[in-house]
Amino acid sequence: MSECSCDTFFSMNEKDVSDRLRSFGLRVKHLRVCRSITQEELAELTGLFRTYLSRIESGQANPTLTVMYALAKALHVEVCELFKELDEEAPLVVGRVRSESRPSRGRVAK
């Protein structure tokens, strides 16, 4: 793992930040799917909105340190695990996890 210096941090451009957010989000999604947890379940465990969690996983949100700790706790990993690159040899797990009970969308079953 490479050292992170202040020079590296301050010289990051917008694309670098975007790439890191995308990588972070994919790692969160990978850990969630490997544990067979839905976004709704992880949102409940962390106290986040499911839509915000979706934005994190897609690299569209920049989570705070507090959110990172909540994600790590809910996924039963250390915070540093959220920053590890996905192993290129291991298959990327990005499938869907289906909830056992489908949430109601305002429809009443007949």
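What we have here is a predicted model, where local features need pLDDT of at least 70, side-chain atom pairs count only at pLDDT 80 or more, and totals for chains, interfaces and linings use all residues. Residues are numbered from 1 along each chain as its sequence is written, and side-chain values use heavy atoms, with hydrogens and water left out.

About that pLDDT: it's the predictor's confidence in each residue, from 0 to 100. The protein averages 81, and 67% of the residues score at least 70. By contact I mean heavy atoms within 4.5 Å.

Now the overall picture. The protein has 5 helices and 0 strands; those are DSSP runs, H or I of at least four residues for helices and E of at least two for strands, numbered from the N terminus. Of the 110 residues, 28% are buried.

So, let's zoom in on Glu-57. Is Glu-57 buried or exposed? Its relative accessibility is 6%, so Glu-57 counts as buried. You'll find Glu-57 in helix H4, residues 50-57. Its side chain makes a polar contact with the side chain of Arg-32, at 2.6 Å. A polar contact is a pair of N or O atoms within 3.5 Å; within protein, one must be able to donate a hydrogen and the other to accept it, and residues adjacent in sequence count only if both atoms are side-chain atoms. Leaving out residues up to four places away in sequence, Glu-57 touches Gly-25, Leu-26, Val-28, Lys-29, Arg-32 and Gln-39.

Which residues of H4 are buried? They are Leu-53, Ile-56 and Glu-57. They cover an arc of only 95° around the axis, so they sit on the same side of H4; the arc is taken from the directions from the helix axis to the C-beta atoms. In general, an α-helix has 3.6 residues a turn, so residues three or four places apart point the same way. The cover over the buried residues of H4 includes helix H2 (14-34), helix H3 (39-46) and helix H5 (65-75). After H4 comes Gly-59, with a positive phi near 80°.

How values were computed. Buried < 20%, exposed > 50% of the residue type's maximum accessible area, 1.4 Å probe, protein only.
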